[in-house]
Amino acid sequence: MTLEFIDKSINKKIEENESIIKYTFYELRVKNNLTEAETYNFLALVKTRLENLNYKVYRTGQNYIFSNKSEKVKENELLVAVKK
């Protein structure tokens with residue numbers, strides 16, 4: 001896992017939907033074949049980058065507001081970021 005991989009991943013997510021970004025367990029652990037440690041490091045780096053891009057970042061089990069609706073980060077979602 002490189003910083004280039006992280007940047008490409010974030011940029012792809014922003015292209016798909018600039019307002020909300022979601023990373024799931026399946027996407028990181030199964031599809032990208034990251035280990036538990038790599039997933040933890042990936043999420044830490046993504047969190048910092050997204051906060052610098054003016055996103056509010058939430059982890060599994062936390063509540064957030066999107067489109068005037070209160071939502072909860074689902075069990076299969078490892079990170080949700082909402083544009084401020």
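Tutor: Since you want pockets, here is the term: a pocket is an open set of grid points, where a 1.4 Å probe fits, with protein on both sides within 12 Å along at least five of seven lines. Also, keep in mind that this is a predicted model.

Student: Okay, what volume does the largest pocket have?
Tutor: About 190 Å³.

Student: And which residues line the largest pocket?
Tutor: The lining is made of Phe-5, Lys-8, Ser-9, Lys-12, Lys-13, Glu-16, Glu-27, Lys-31 and Asn-32. By class, six of the lining residues are charged, two are polar and one is nonpolar.

Student: Which helix gives the most to that lining?
Tutor: Helix α1, with six residues. Both α1 and α2 (25-31) supply at least two residues each.

Student: Switching to the sheet: what is the strand order?
Tutor: The order is β1-β5-β2, in an open sheet of three strands with antiparallel pairing. The edge strands, β1 (20-24) and β2 (55-59), each pair on one side only. On average, neighbouring strands are turned by 15° against each other, ignoring direction.

Student: How many bridges join β2 to β5?
Tutor: Five, and β5 covers residues 77-83. In that pairing, Lys-56 stands opposite Val-82 of β5.

Student: Back to helices. Which strands does α1 lie across?
Tutor: Helix α1 (residues 3-16) lies across β1 and β2, at about 130° to β1. Helix α3 (residues 36-52) lies across β1, β2 and β5, and runs at about 5° to β5.

Terms used:
Residues are numbered from 1 along each chain as its sequence is written. This is a predicted model: local features need pLDDT of at least 70, side-chain atom pairs count only at pLDDT 80 or more; totals for chains, interfaces and linings use all residues. Side-chain values use heavy atoms; hydrogens and water are left out. Two strands pair if DSSP finds at least two bridges between them. Helices (H or I, at least four residues) and strands (E, at least two) are DSSP runs, numbered from the N terminus. Axes are lines fitted to C-alpha atoms, for helices over the stretch in contact, and angles run from 0 to 180 degrees between N-to-C directions. Contact means heavy atoms within 4.5 Å. On a 1 Å grid over the protein atoms alone, a cavity is a set of points where a 1.4 Å probe fits but cannot get out, and a pocket is an open set with protein on both sides within 12 Å along at least five of seven lines; lining residues have an atom within 4 Å of a point. Grid points are joined across faces, edges and corners, and a volume is the space filled by probe spheres set on the points. Ala, Val, Leu, Ile, Met, Phe, Trp, Tyr, Cys and Pro count as nonpolar, Asp, Glu, Lys and Arg as charged, and the others, Gly among them, as polar.
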